[in-house]
Amino acid sequence: MRWTPGGESSDIEDRRDDSGGDGYGGGGGGGFGFGGIHLGIGGTIVLLILSFLFRTNLFTLFSGGGGVPVTHVARPAAPRSESANENREVQLVSFVLDDVQHTWEKLLPQQAHIPYRHAKLVLFRDSIRSACGQAQSATGPFYCPGDEKVYLDLGFYDELKTRFGAPGEFAQAYVLAHEIGHHVQKILGIEARVRRLQQQHPQQVNPLSVRVELQADCFAGIWANTTEQRKIIDETDIKQGLDAGAAVGDDRLQKMATGHVSPENFTHGSSASRMKWFRAGLDSGDISACNTFAH
């Protein structure tokens, strides 16, 4: 992946020193069946294990809007000790964040006749409060529609590389482009429509969540299409993105967590589906190619 380190984006809120403060639950976020938070890889694995142990779908506990207040004891923030590797990761996510958002600034007016507004990226450690509630590092990266911010603990990238076998800078870029894809969904009104459908049809919470996540994969592919045209990425990088999508497929995560696959508990889509929809965006560069709700 060809890029030049250039400092931090103005759209980044670096809260790594003040993570872990007292938080509050839900209220104002809404979302795709998980109280406004798009449940991350770590949280998905935990719920999968517990669902199998107790033989009940614990994902349904996260459906609907609002939330329960959370009491969290504040703790002093540890002084930041940033390694050279972490500093490079900050600059990488800054580059990707700016590039993805500048891409949508051009594409949304052209393809959907809607102006794009920037999301913010919040960097944190351990835990953080958002308009969607309190989040832990185990939640994984997520977008909160309530405050239009993406939340990321950089430690997730180590998990992506070592635990899920998806190394490389473009794999990291794919994750961020996917989360910004959720922001695009909010701007297009898709997030609100899906949330209403989930509330009206609770049995469709998981299937609708899958379609939302696959569309965000497709939107990440649209950004990848523009980077390929600009010679920022090549086929090796594209493979990293496809590998990252496959690494976080529900079937693979379930197999890792429990040794079994339960499609009825899918919330993000299978590895094959995630790769398919990322490729659909990559090949077309067109929002109309990302209608996962029609398939």
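Author: Glutamate 169 counts as partly exposed, at 22% relative accessibility; that label covers the range between buried, under 20% relative accessible area, and exposed, over 50%, using a 1.4 Å probe and protein chains only. Bear in mind that this is a predicted model, where local features need pLDDT of at least 70 and side-chain atom pairs count only at pLDDT 80 or more, while totals for chains, interfaces and linings use all residues. Residues are numbered from 1 along each chain as its sequence is written, and side-chain values use heavy atoms, with hydrogens and water left out.

The partner of glutamate 169 is arginine 88: their side chains meet in a salt bridge, 3.1 Å from N to O. The pair links distant parts of the chain, with glutamate 169 in helix 4 and arginine 88 in helix 2 (residues 84-112), 81 residues apart. Helices here are DSSP runs of H or I with at least four residues, numbered from the N terminus. A salt bridge needs a side-chain nitrogen of Lys or Arg within 4 Å of a carboxyl oxygen of Asp or Glu, and the structure holds 11 of them. Arginine 88 is partly exposed too, at 38% relative accessibility.

Now for the surroundings. Methionine 1 touches glutamate 169, and also Phe170 and Asp237, among others, not counting residues up to four places away in sequence; contact means heavy atoms within 4.5 Å. Methionine 1 is also one of the residues that touch the most other members of the largest nonpolar core, which has 56 residues. Helix 4 (residues 169-188) gives the most to this core, with 11 residues. A nonpolar core is a set of buried Ala, Val, Leu, Ile, Met, Phe, Trp, Tyr and Cys residues joined through side-chain atoms within 4.5 Å.

Leaving aside neighbours within four places in sequence, aspartate 237 is in contact with Met1, Phe170 and Ile232. Aspartate 237 is buried yet has no salt bridge, and the nearest side chain of opposite charge, arginine 2, is 5.0 Å away. (Lys and Arg count as positive, Asp and Glu as negative; His and the chain ends are not counted.) What does lie 3.0 Å from a polar atom of the aspartate 237 side chain is the backbone nitrogen of aspartate 234.

Definitions and conventions
A polar contact is a pair of N or O atoms within 3.5 Å; within protein, one must be able to donate a hydrogen and the other to accept it, and residues adjacent in sequence count only if both atoms are side-chain atoms. Helices (H or I, at least four residues) and strands (E, at least two) are DSSP runs, numbered from the N terminus.
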